[in-house]
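Keep in mind that the model is predicted.

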Amino acid sequence: MTRLAFAVIASLALGGAASAEGFEPRNPECIAPAAPGGGFDLTCRVTSQQLNELGIVKPTIRTTNMPGGIGAVAYNNIQARRADDPNVIIAVSTGSWVNLAQGKFGRFNENDVRWLGAVGADYGVLAVRKDSRFKTLQDFVDALKKDPGSVAIGAGGTVGSQDWMKPALVAKAAGVDPRKMRYLSYEGGGEALAALLGGTIDAVPGDASEVRGQLEAGEVRVLATFSDKRLPGVFADVPTAKEAGYDVQWPIVRGFYLPPRITDEQYAYWVDALKKLNSDPRWHKVREQQGLFAYDLVGPEFDAFAKARTDAFRKLAADVGLKTTGN
């Protein structure tokens with residue numbers, strides 16, 4: 001057998017398995033599906049910066065903000081215009097799966113993208129201004145019980161979004177109809193925090209990473225975290241909702257998805273990049289500084305997890321009386 005024949009056979013044998021070798025993104029881009037300042041923006045900018053600084057992805061990754069529908073605009077844009085573009089990754093969080101479960105991403109569902117992986121997890125919190133009339137979660141609940149419309153709650157997303165779900169589950173546990181809550185919708189957590197500090201709203205059911213800076217600055221008070229146990233650092237003195245008598249937990253996975261029609265080789269490149277990032281101690285330090293906690297699910301395991309969580313949210317939405325893609 002000639003040397004050329006050996007080369008051809010070897011090439012055919014390797015061709016059946018997806019590998020990260022051979023693909024390098026050109027002018028890579030991270031899409032944050034919200035205005036600057038919120039969780040999506042944080043996920044894109046911090047992850048992109050670290051992928052570049054640690055030498056994992058060599059071309060500079062630029063961040064593009066694409067607000068609208070808490071991810072719906074970006075999701076539809078990818079389907080319509082960039083379904084086979086391997087140079088773009090799109091930030092995703094638990095809230096995206098909540099909206100997918102309720103049919104808020106149009107005709108598309110959780111099977112229409114390739115779920116890439118997570119880079120950390122965040123947790124839901126309920127924050128008020130430093131001079132708020134609410135000193136504890138029970139104060140907040142008592143006001144809802146007396147008159148659900150007397151408390152202006154605002155966050156990114158519409159009724160039924162993950163930020164709405166957090167106080168809705170607390171209200172439901174206290175015997176209050178969540179649909180009677182007064183809820184104002186903003187385009188991302190950054191806008192909601194600005195509304196809170198400006199006095200437009202009374203409470204923000206945001207994320208720990210979003211409110212951390214304002215908590216450290218003494219501008220907000222966090223009434224409770226929606227975590228299974230107390231969070232460390234600046235949140236160490238904040239009780240969990242469960243401690244306050246309301247067993248509501250809301251972990252928020254921060255990660256990414258990819259367009260649906262990229263090749264297995266291109267998918268493997270980005271999976272390998274996130275695995276390298278998640279295993280680097282320098283990333284662990286940055287992640288902690290941003291208020292994120294370890295959550296390293298990447299590749300096919302993350303793909304299966306994303307689909308399972310979306311299905312679970314369909315059942316949860318139905319429990320609080322919302323329309324879902326299953327009814």
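1. Start with helix α7, which covers residues 189–197. Its buried residues include G189, A192, L193, A195 and L196. Now look down the helix: those residues take up an arc of only 160° around the axis, so they sit on the same side of α7.

2. Next, find helix α4 (residues 94–101) and helix α11 (residues 300–319). Their axes come within 8 Å and cross at roughly 55°. With angles under 35 degrees counted as roughly parallel and 65 to 115 as roughly perpendicular, α4 and α11 are therefore oblique to each other. The crossing is a right-handed one.

3. Which residues make the contact between α4 and α11? On the α4 side you'll see T94, W97, V98, L100 and A101, and α11 brings F302, F305, A306, R309, T310, F313 and R314. Sorted by class, the contact of α4 with α11 has eight nonpolar residues, two polar and two charged.

4. Compare that with another helix pair, α2 (residues 39–53) and α10. Here the axes come within 11 Å and cross at roughly 160°. Angles over 145 degrees count as roughly antiparallel, so that is the label for α2 and α10. The way α2 passes α10 is right-handed. From α2, the contact uses V46, T47 and Q50, while R282, W283 and V286 come from α10. By class, the contact of α2 with α10 splits into three nonpolar, two polar and one charged.

5. Stay on α10 (residues 281–289) for a last stop, because R287 lies in this helix and is buried, at a relative accessible area of 6%; the cut-off for buried is under 20%. So what is around R287, once you skip its neighbours within four places in sequence? R287 touches V119, G120 and N278, and also L292, F293, A294, Y295 and D296.

Technical notes
Residues numbered from 1 in each chain as written. Predicted model: local features only at pLDDT ≥ 70, side-chain atom pairs only at ≥ 80, totals over all residues. Heavy atoms only, no water. Helix = DSSP H or I, 4+ residues; strand = E, 2+ residues; numbered from the N terminus. Buried < 20%, exposed > 50% of the residue type's maximum accessible area, 1.4 Å probe, protein only. Contact = heavy atoms within 4.5 Å. Axes fitted to C-alpha atoms, helices over the stretch in contact; angles between N-to-C directions. Left-handed = near helix turned anticlockwise from the far one by under 90°. Nonpolar A, V, L, I, M, F, W, Y, C, P; charged D, E, K, R; others polar. Arc of directions from axis to C-beta.
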